[in-house]
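Let's take a friendly walk through this model, from its overall build to its charged side-chain pairs. Please keep the sequence and the 3D view at hand.

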Amino acid sequence: MPSENLEIVRRWVRITNTGTFEEAADLVTPDFEMTESAKLPGAAVVSGLDELRTYQLGWRRNWSEWDWREEEITDLARDKVLLIATLWLRGLRSGIPVERRWAYVFEIRDGKLARQDGYENKDQALQAIGSQD
C-alpha cells in the first residue's frame, strides 16, 4: 500500500497538471520552497505562497499544454520522496513540444509539501540527499 507521502506527491503532480493555484496552495506549507534544476534555462527558485503563485502564472504565460508524467516514485527516509518524471510541454506561442526527464526530491512536513528540488537525473538527486545527512 502506498505511503501517505507518496500520495501527497502524486496529488501535487495531478494538481500541477490540471488544478488551480488554490488547490496547489492547500498541499504546501506556507514557507514552501522550490528549486528547479540548474540545467533548466532560467531555473526558478520559489519561496512562499506569493512566489509560488507568481511562478504558476508565469508558467501559464509560456506553455499552452503540459503533462508531468510519473515514471518512478520512492519513499525515502526522513519524510522525503524521490520522483523521476518526464515533463512534456508545448510552447504557447511556438507550438513546439518539449520533453525532458527530471528527478525531484520532495520534503513532507505535517502532511504537506515543504520543499521540492529538481535535479538533472536520479543519481544527482540521490547524491544531494546523501550530502544532507
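The report below starts with the fold and then turns to salt bridges.

## About the model

This is a predicted model, in which local features need pLDDT of at least 70 and side-chain atom pairs count only at pLDDT 80 or more, while totals for chains, interfaces and linings use all residues. Residues are numbered from 1 along each chain as its sequence is written, and side-chain values use heavy atoms, with hydrogens and water left out.

## Overall build

The chain has 4 helices and 6 strands (DSSP runs numbered from the N terminus: H or I of at least four residues for helices, E of at least two for strands). Read from the N terminus, their order is α-α-β-β-α-β-β-β-β-α.

The C-alpha trace spans about 40 × 30 × 30 Å along its principal axes. A compact globule of 133 residues would have a radius of gyration near 14 Å, and the chain agrees with its 14 Å (taken over C-alpha atoms; the globule rule is 2.2 Å times the number of residues to the power 0.38). Of the 133 residues, 42% count as buried (under 20% relative accessible area, with exposed over 50% and partly exposed in between; 1.4 Å probe, protein chains only). Among contacts (heavy atoms within 4.5 Å) with a separation of 6 or more, 48% come from residues 24 or more positions apart.

## Salt bridges across the chain

How many salt bridges are there? The count comes to 12, where each is a side-chain nitrogen of Lys or Arg within 4 Å of a carboxyl oxygen of Asp or Glu.

Take Arg10 and Glu70, whose closest N and O atoms are 2.9 Å apart. Arg10 is partly exposed at 22% relative accessibility, and Glu70 is partly exposed at 36%.

## Two further pairs

Arg90 and Glu65 also form a salt bridge, at 2.9 Å from N to O. Arg90 is partly exposed at 26%, as is Glu65 at 37%.

Arg100 meets Glu120 with closest N and O atoms 3.6 Å apart. Arg100 sits in strand E5 (residues 97-109), and Glu120 in the loop between strand E6 (112-119) and helix H4 (122-131), 20 residues apart. Both are partly exposed: Arg100 at 30% and Glu120 at 27%. Elsewhere, shared partners join Glu7, Arg10 and Glu70 into one salt-bridge network.
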